[in-house]
Amino acid sequence: MIEQIESYAARIAVRIQNVGAQVDPEILQLPGGSVIATLLWLYAKGAVALRKH
């Protein structure tokens, strides 16, 4: 059970690092930058998903 929780935690950490690597730090400095960065990231992921279909 503990191994499974550690595995999930590791996967979550890797995904967070991947998202952080794709975000420009200058966007986060803007007013509402975290919201803007989140929306841009979701848009980019959605565009990739639509191209696959």
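Modeller: This is a predicted model. The chain has a radius of gyration of 14 Å, whereas a compact globule of 53 residues would have one near 10 Å.

Colleague: What does the C-alpha trace span along its principal axes?

Modeller: The span is about 40 × 35 × 15 Å.

Colleague: And how many of the residues are buried, as a percentage?

Modeller: Buried residues are 6% of the 53 in the chain. The chain exposes about 4,900 Å², and 65% of that comes from carbon and sulfur atoms.

Colleague: Secondary structure next. How many helices and strands?

Modeller: Three helices and zero strands, so the pattern along the sequence reads α-α-α.

Colleague: Where is confidence lowest, and where highest?

Modeller: Helix H2, residues 25-29, is lowest with a mean of 78, and helix H1, residues 2-21, is highest at 84. The chain averages a pLDDT of 81, with 98% of the residues scoring at least 70.

Colleague: Switching to Trp41. Which helix is Trp41 in, and what does it touch?

Modeller: Trp41 is in helix H3. Leaving out residues up to four places away in sequence, Trp41 touches Val19 and Gln22.

Colleague: Why is Trp41 classed as partly exposed?

Modeller: Because its relative accessible area is 28%, and the class runs between 20% and 50%.

Colleague: Which residues form the nonpolar surface patch?

Modeller: Leu30, Ile36 and Leu40, with about 250 Å² of accessible area together. Ile36 is in helix H3, residues 33-52, and is partly exposed at 35% relative accessible area.

Conventions:
Residues numbered from 1 in each chain as written. Predicted model: local features only at pLDDT ≥ 70, side-chain atom pairs only at ≥ 80, totals over all residues. Heavy atoms only, no water. Patch = residues over 30% accessible without salt bridge, like charges linked within 9 Å, V, L, I, M, F, W, Y side chains within 5 Å. Areas by Shrake-Rupley, 256 points an atom, 1.4 Å probe, with all protein chains shown as cover. Salt bridge = Lys/Arg side-chain N within 4 Å of Asp/Glu carboxyl O. Helix = DSSP H or I, 4+ residues; strand = E, 2+ residues; numbered from the N terminus. Buried < 20%, exposed > 50% of the residue type's maximum accessible area, 1.4 Å probe, protein only. pLDDT = per-residue confidence, 0-100. Contact = heavy atoms within 4.5 Å. Rg over C-alpha atoms; globule rule 2.2 N^0.38 Å.
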